[in-house]
Amino acid sequence: MRRLLLIILSVLALPAHADVDLPKTVEDPILTIQVAQDSYQLDYATLETLPEHRFTTTTIWTDGPQEFVGVKVADLLNQLMSDAKQVSLTAANGYQIDVPADHYHEVDAIIAYLRNGEQMTLRDKGPLWIVYPYDSHPRYKSEIMFANSIWQLERIDLKN
Ligand SMILES: Nc1nc2c(c(=O)[nH]1)N[C@H]1C(S)=C(S)[C@@H](COP(=O)(O)O)O[C@H]1N2
Ligand SMILES: [Mo]
């Protein structure tokens, strides 16, 4: 009984932002996220601990329906910096875009780490590819969504 009380008390004592339990460093990072002065590194194992989203869609870059599994960008924003205004995304090939954070609350974009059940190689637009459920609504077939479909994603900077 006393132990239960202690557990309850310690849960209540957690600060409101304690849900940022992403690692600061990992051995083989595939994604770095910079949030103000804090930097987090994610590997496959870390990504797999986050709520998983999956959908099947065609894309303009692939043949036939593709099943993607990943993490919702909006979920990551909510967890790391809910008042972020701007999201800067950088790919391994130097491609870099700045996207208003609001965008991710209006779309179902995911950071995909699996395509058709397999990890993606750098050659194959991996290891991380931001994709949208293009077939689910006509608005996803627009130049903005295509431009935001960054592959070989390796870094995200969240800014006010
Ligand atoms: N890593 C990476 N992702 C990227 C790009 C890029 O150059 N590098 N180009 C973007 C832009 S501007 C668009 S319109 C599409 C380009 O797709 P395309 O090369 O088939 O025209 O992918 C987007 N994702
Ligand atoms: Mo583009």
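I sorted the lining of the largest cavity by class and got seven nonpolar, no polar and no charged residues. (Nonpolar is Ala, Val, Leu, Ile, Met, Phe, Trp, Tyr, Cys and Pro; charged is Asp, Glu, Lys and Arg; polar is the others, Gly among them.) This is a predicted model, where local features need pLDDT of at least 70 and side-chain atom pairs pLDDT 80 or more, while totals for chains, interfaces and linings use all residues. Residues are numbered from 1 along each chain as its sequence is written, and side-chain values use heavy atoms, without hydrogens and water.

I searched the whole structure and found one cavity of 30 Å³ or more; its volume is about 40 Å³. (A cavity is a set of points on a 1 Å grid over the protein atoms alone where a 1.4 Å probe fits but cannot get out; lining residues have an atom within 4 Å of a point. Points join across faces, edges and corners, and the volume is the space filled by probe spheres set on them.)

Which residues line the largest cavity? I noted Ile-33, Val-73, Leu-76, Leu-77, Leu-80, Ile-156 and Leu-158. α3 (73-80) and β9 (153-159) each supply at least two, and α3 gives the most, with four. (Helices are DSSP runs of H or I, at least four residues; strands are E, at least two; both are numbered from the N terminus.)

Notes:
Chains are lettered from A and ligands numbered from 1 in the order in which they are written. On a 1 Å grid over the protein atoms alone, a cavity is a set of points where a 1.4 Å probe fits but cannot get out, and a pocket is an open set with protein on both sides within 12 Å along at least five of seven lines; lining residues have an atom within 4 Å of a point.
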